[in-house]
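Here are my notes on this model, as numbered points. Please read them with the structure open.

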Amino acid sequence: MNMTGAIFLASLLFATWFMFARMKVNFTLSSVGLLLLLTFHGPAYWFYTRYWIHGDSYVNKLYDRSAAAVLNSPSSDGIMPPIANVPVIYDHLARLSGDLAFNSSLANLDVAMALLLSGTVLGFFLADRAMGSDQSHMSAAITTWQHSRPDSCLRRRWARTVFWVLVALCSAALILLYLQTEKFSLVYKYFFTVGNEIEKIKWRRESGGFSYFWNLFFATIAIFATVYAMNEIRFSKLIGILIALIFIALIIFGKMAYLSKAPVIVYIVQICLAVNIARSLKVSKTAAVSLLAILGGGAVLMVFVANSNLQGLGNALIFLFYRLFMIPNESLVEYFLAFPNYLSHTYGLENRFIAFFLGEPKILESYWRVAEVLRGVGGSTTTAMFTGDAWAEFSWVGVIIFPIAFGGMLRFLDIILIAKIGKTSASIAGLSLGYYGIFIALSTSLFTALLTGGLSMIPILVMISGLAPSWKLAGMSKAEPALSKPPSGPLS
């Protein structure tokens, strides 16, 4: 084991200890964020960089047989795909591991991943200090949350009426949008007709998604409004329930219109999480099993949807393992190999706002250029979690600062939503949107997570939708974190 590998393992052990011994597993944003980092970039990162990338592990061979069966299956028109009979992943893995700069790039990446885990924990600590909180305060707030009932943010009848009218108008606008963009026929074609993965990737690139405004709506406002409405229907009449169900069905369809597995699964998981956190932020065995079953079952189902020719649960599981755990770490390897060996660090110029502020022309995003340089294929993309983007843009400065900012942001939101506001429709919706922001940060850049992922919008949306009950410290007393009586409310 080399020195940088030891540094990563030491950081991994520290973060794992902090997760389970200090923070505990719960539904706070900071706990979920750190747990997902450990899940996708802990042992999985080590396995990818030490075993998978060399192509000689038993898991490699299982995946190769599975993927080759899909790629060698005729398409819906009976024509063999052009990449059939070509080894599925070995060529690309050999290019990466055989690159002259691979060892030095991997050493940099080992240190960056250590900084990712330790920096995120440091961000938690700094946010606690800045907000006058600590782990005991948060534990007390979580306990108070568990023994409280969700409070309505729409105390007056006119406010409830305005809210449900707005949701109904939004539903009508979505129907018009789907008709105008012919999404009904497109979704049917993608999800309910036979086609191999190559064909469906082509459909997704050509017709998936919406314009920027609607993409931002589906990513942020739709999630917040869904969970907010789900919590407000308990204080509303039958018409509110019907409007909420129609709205949720239309949002699910909109997620399907992206012609991708992740949006639908993430949205359904967010709804399930919202139901759980409306009761408690502590993770019960029932909640854990239910969420894992929904997430795993949904993911396997979507694998079969995206690969109609895939046969057998075993093939689906190994394919899912590759997509969930290997691809995210492969993207990181590609970014650290591409920068600065083949591409210069961009210093923020691929961000339109930074480029405008500096008075410089915006350059093409890294995820386009990395794919072209290392895969030799123009028009494809390689996205990496926020540490990869931070390295591409700001080198070591970004690698150090971004994890601290990520951890600090999650902890700040936890303190505001859980400890200061308490259990309301707005705070539950804010947490649910925060989970999506974490997903985006672990998929793309931190800048994208702040806007498209909604992390920066959560405080604004919560304030607009109403801070009820009044701003307070829920269970934040250092001297006496004892349980208080559940606050009176519509359901008490």
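1. T226 is found in helix α11. Helices here are DSSP runs of H or I with at least four residues, numbered from the N terminus. T226 is buried, with a relative accessible area of 1%. Buried means under 20% relative accessible area, exposed over 50%, and partly exposed in between (1.4 Å probe, protein chains only). Setting aside neighbours within four places in sequence, T226 is in contact with F247, I248, I251, Y267 and I271. Contact means heavy atoms within 4.5 Å.

2. A word on the source. This is a predicted model, in which local features need pLDDT of at least 70 and side-chain atom pairs count only at pLDDT 80 or more, while totals for chains, interfaces and linings use all residues. Residues are numbered from 1 along each chain as its sequence is written, and side-chain values use heavy atoms, with hydrogens and water left out.

3. Helix α11 (residues 212-232) also meets helix α19 (residues 425-441): their axes come within 8 Å and cross at roughly 145°. Axes are lines fitted to C-alpha atoms, for helices over the stretch in contact, with angles from 0 to 180 degrees between N-to-C directions. On the α11 side the contact involves A219, T220, I223, F224, V227, Y228, N231 and E232. On the α19 side it involves S425, A426, I428, A429, G430, S432, L433 and Y436. By class, this contact of α11 with α19 has ten nonpolar, five polar and one charged residues. (Ala, Val, Leu, Ile, Met, Phe, Trp, Tyr, Cys and Pro count as nonpolar, Asp, Glu, Lys and Arg as charged, and the others, Gly among them, as polar.)

4. Which residues of helix α21 (residues 458-465) are buried? They are I458, L461, V462 and S465. Seen down the axis of α21, the buried residues fall within an arc of 100°, so they line one face of the helix. The arc is that of the directions from the helix axis to the C-beta atoms. The face turned away carries the exposed residues I460, M463 and I464. Cover for the buried residues of α21 includes α11, α18 (386-421) and α19. Just after α21, G466 takes a positive phi of about 110°.

5. S30 lies in helix α2 (residues 29-41). S30 is buried, with a relative accessible area of 0%. Leaving aside neighbours within four places in sequence, S30 is in contact with M23, F124, L410, R411 and D414.

6. Helix α3 (residues 43-50) has six of its eight residues buried, so it is largely enclosed by the rest of the structure. The buried residues are A44, Y45, W46, Y48, T49 and R50.

Methods: Helices (H or I, at least four residues) and strands (E, at least two) are DSSP runs, numbered from the N terminus.
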